[in-house]
Amino acid sequence: MIKAIIMDIDGTLVDGKTQQIPPQTLQALYKVQENGVKLVLASGRPINGMMHLAHQLKMDEYHGMCVAYNGAKVFDVETKDVLFDQTMSVETGRAILHHLKNFDVRPFIVKGEYAYVTNVYDCNVTIRGNTFNIMNHEAHDNNFMLCEVKDLEEFADYPLNKILVIGEADYLQKHYKEMYAPFEETCNAMFTAPFYYEYTDKGIDKVKALDTTLRRQGIEPEEMMSFGDAENDITMIRYAGIGVAMGNGTDAIKKAADEVTAANTDEGIALSLYKHFPELFPDKN
């Protein structure tokens with residue numbers, strides 16, 4: 001029996017062009033919640049960038065949860081309680097930011113309602129032949145105001161849940177091992193998109209957050225269903241009783257999954273829910 005559905009956001013729940021939840025998926029997720037299933041959004045995004053979707057899904061009415069920063073923080077949407085919060089030490093955060101000065105990348109850190117960078121205009125990346133300022137996109141989608149500081153290393157005198165690194169996809173693929181090598185013993189690092197490479201504290205991933213919070217609530221892995229499309233979703237795809245890869249997902253996540261559904265833009269989540277909850281959707285089967 002499925003008691004919890006865990007979903008990545010970008011490339012999984014929302015359409016990348018519109019940032020909207022497809023209509024059949026939205027209605028299907030309402031239906032499963034009405035029948036006692038908990039929803040969990042699990043993303044690299046910060047809490048600010050998840051709450052509008054959580055409210056649209058009515059997760060505040062059904063005790064839903066947000067797993068933010070790739071698992072570094074968990075928030076109960078209904079009670080507004082922080083259920084889990086693990087940061088890097090100040091020393092580790094500053095050491096990473098110092099090391100990144102050796103590379104042609106743009107670090108991005110968060111504090112409160114602000115995202116801090118060194119230059120809001122210097123962050124163009126090319127995606128599918130189109131060049132645009134990805135930093136503005138990131139701030140807009142996550143409801144942050146952008147703020148410039150001269151030196152992020154000096155500014156980061158507080159513990160960080162995550163350091164986001166933005167760069168051209170080819171450059172990151174060539175250099176990410178060098179970027180991570182000095183910190184293998186103190187933090188985790190992974191791609192969340194070809195142009196995003198992210199650091200969190202050691203041991204942090206989406207599974208750590210799920211295992212720490214959902215099992216306390218009496219929900220075991222075999223009672224979970226998870227959806228994802230990218231590298232940072234693989235562990236939760238393997239962890240859940242039913243791990244579903246999106247049709248637009250990477251080859252690696254499709255290989256790790258129990259099954260593959262349609263793409264996020266083709267109602268992939270809804271189609272999978274119709275299959276696994278036939279009693280709730282008799283007209284869809």
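# Helices, rings and buried residues

Trainee: At roughly what angle do the axes of helix H1 and helix H10 cross?
Mentor: Helix H1 covers residues 23–34, and helix H10 covers residues 268–276. Helices are DSSP runs (H or I, at least four residues), strands are E runs of at least two, and both are numbered from the N terminus. Axes are lines fitted to C-alpha atoms, for helices over the stretch in contact, with angles from 0 to 180 degrees between N-to-C directions. The two axes come within 7 Å and cross at roughly 40°.

Trainee: What kind of model is this?
Mentor: Residues are numbered from 1 along each chain as its sequence is written, and side-chain values use heavy atoms, with hydrogens and water left out. Local features need pLDDT of at least 70, side-chain atom pairs count only at pLDDT 80 or more, and totals for chains, interfaces and linings use all residues: this is a predicted model.

Trainee: Which word describes how H1 and H10 lie to each other?
Mentor: Angles under 35 degrees count as roughly parallel, over 145 as roughly antiparallel, 65 to 115 as roughly perpendicular and the rest as oblique. The crossing angle here is roughly 40°. H1 and H10 are therefore oblique.

Trainee: How many charged residues are in the contact of H1 with H10?
Mentor: Contact means heavy atoms within 4.5 Å. From H1 come Gln24, Thr25, Ala28, Leu29 and Val32, and they meet Ile269, Ala270, Leu273 and Tyr274 in H10. Ala, Val, Leu, Ile, Met, Phe, Trp, Tyr, Cys and Pro count as nonpolar, Asp, Glu, Lys and Arg as charged, and the others, Gly among them, as polar. That gives seven nonpolar residues, two polar ones and no charged ones.

Trainee: Is the aromatic pair of Tyr176 and Phe191 stacked or edge-to-face?
Mentor: Rings of Phe, Tyr and Trp (its six-membered ring) pair if their centres lie within 6.5 Å; planes under 30 degrees apart are stacked, over 60 edge-to-face, and the rest tilted. By this rule there are ten aromatic pairs. Tyr176 and Phe191 have 5.1 Å centre to centre and 75° between the planes, so the pair is edge-to-face.

Trainee: How many residues apart in sequence are the parts tied together by Tyr176 and Phe191?
Mentor: Tyr176 lies in helix H6 (residues 169–180). Phe191 lies in strand S12 (residues 187–193), so the parts tied together are apart in sequence by 15 residues.

Trainee: Why is the pair of Tyr176 and Tyr197 tilted?
Mentor: The ring centres are 5.8 Å apart. The planes stand at 55°, so the pair is tilted.

Trainee: Is Tyr197 buried or exposed?
Mentor: Buried means under 20% relative accessible area, exposed over 50%, and partly exposed in between (1.4 Å probe, protein chains only). Tyr176 has 24% and is partly exposed. Tyr197 has a relative accessible area of 2%, so Tyr197 is buried.

Trainee: How far apart in space are Met135 and Cys123, C-alpha to C-alpha?
Mentor: Met135 is in helix H4 (residues 134–141). Its relative accessible area is 1%, so Met135 is buried. Beyond four places in sequence, Met135 touches several residues, including Arg106, Phe108 and Cys123. Met135 and Cys123 are twelve residues apart in sequence, and in space 6.0 Å.
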